[in-house]
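Trainee: I am new to this entry and would like a guided look. Could we begin with a single residue and then widen the view?

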Amino acid sequence: MKRIITVTVLNQSGVLNRVTGLLMKRQFNIESITVGHTEQPQISKMTFVVNVEDEQKLEQLLKQLQKQVDVLKVNDISEKSIVVRELALVKVVSPPAVRAEINSIVEPFRAATIDTGKNVVTFQVTGHPEKIDAFIDLLKPYGIKELTRTGVTAFVRETQKVQTTQLSILQ
């Protein structure tokens, strides 16, 4: 099961290496990782997407991360109401004869054209990773010359949905 884990750390040299080293030792494959400063310059936030086999391994991973020296807070936010975004830059083969067609495909995704060459156009698209996957799939037939993605970044929404059990008269 894919999990989104955020780790708040002191912004110090070697922290990223220690945290990723721990994941490597425990044989977790990091599908996505982003790291950046928070609103406090001395603190950074790491966002990992990892595939975890079961709840026991997940609990072990969270405990091991929390034990790291420069780690302030560890959260598995996968089950919460969250905001998830990723950015991709996609360079597409685009001779002038096909540009209008490509632009009509790109428009619903609200992608921005950030560079144009003689036979190539580079788009920037942001959103949920599934949106980016769909964007890339639609552009593949035209020829993707180059592609790069930032990885997932996420945080918990201010308001969480309250889980309620509904009674049914049909039972």
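**From one residue to the whole chain**

Mentor: Let us start with Thr 6, whose place is in strand β1. Please keep in mind that this is a predicted model.

Trainee: Is Thr 6 buried or exposed?

Mentor: Thr 6 has a relative accessible area of 4%. Because buried means under 20%, Thr 6 counts as buried.

Trainee: Which residues does Thr 6 touch, leaving out those up to four places away in sequence?

Mentor: Thr 6 touches Lys 45, Met 46, Thr 47, Lys 73, Val 74, Asn 75, Ile 77 and Ala 154.

Trainee: And Ile 43, how far is that from Thr 6?

Mentor: The C-alpha atoms of Thr 6 and Ile 43 are separated by 13 Å, and the two residues are 37 residues apart along the chain.

Trainee: Back to Met 46, then. What does Met 46 touch, again without residues up to four places away in sequence?

Mentor: Its partners are Ile 5, Thr 6, Val 7, Val 9, Val 15, Leu 16, Val 19, Thr 34 and Val 35.

Trainee: Which members of the largest nonpolar core touch the most other members?

Mentor: That core has 17 residues, and the ones touching the most other members are Ile 5, Val 7, Val 19, Met 46, Phe 48, Leu 61 and Leu 65. At least two core residues come from each of β1 (2-10), α1 (15-25), β3 (43-51), α2 (55-67) and β4 (71-76). Helix α1 gives the most, with four residues. Apart from this core lies another, of 15 residues, including Val 90, Phe 109, Ala 111 and Phe 123.

Trainee: New topic: how many helices and strands does the protein have?

Mentor: There are four helices and nine strands. Along the sequence they follow the pattern β-α-β-β-α-β-β-α-β-β-α-β-β.

Trainee: What about the overall dimensions?

Mentor: Along the principal axes, the C-alpha atoms fill a box of roughly 60 × 55 × 30 Å. The radius of gyration is 20 Å, whereas a compact globule of 171 residues would have one near 16 Å.

Trainee: How much of the protein is buried?

Mentor: Of its 171 residues, 35% count as buried. The accessible surface comes to about 11200 Å², and carbon and sulfur atoms hold 50% of that.

Trainee: Lastly, how many positive and negative side chains are there?

Mentor: The protein has 22 positive and 18 negative side chains, and the centres of the two sets lie 3 Å apart.

Methods. Residues numbered from 1 in each chain as written. Predicted model: local features only at pLDDT ≥ 70, side-chain atom pairs only at ≥ 80, totals over all residues. Heavy atoms only, no water. Rg over C-alpha atoms; globule rule 2.2 N^0.38 Å. Buried < 20%, exposed > 50% of the residue type's maximum accessible area, 1.4 Å probe, protein only. Areas by Shrake-Rupley, 256 points an atom, 1.4 Å probe, with all protein chains shown as cover. Lys, Arg positive; Asp, Glu negative; His and termini not counted. Charge placed at Lys NZ, Arg CZ, Asp CG, Glu CD. Core = buried A, V, L, I, M, F, W, Y, C linked by side-chain atoms within 4.5 Å. Contact = heavy atoms within 4.5 Å.
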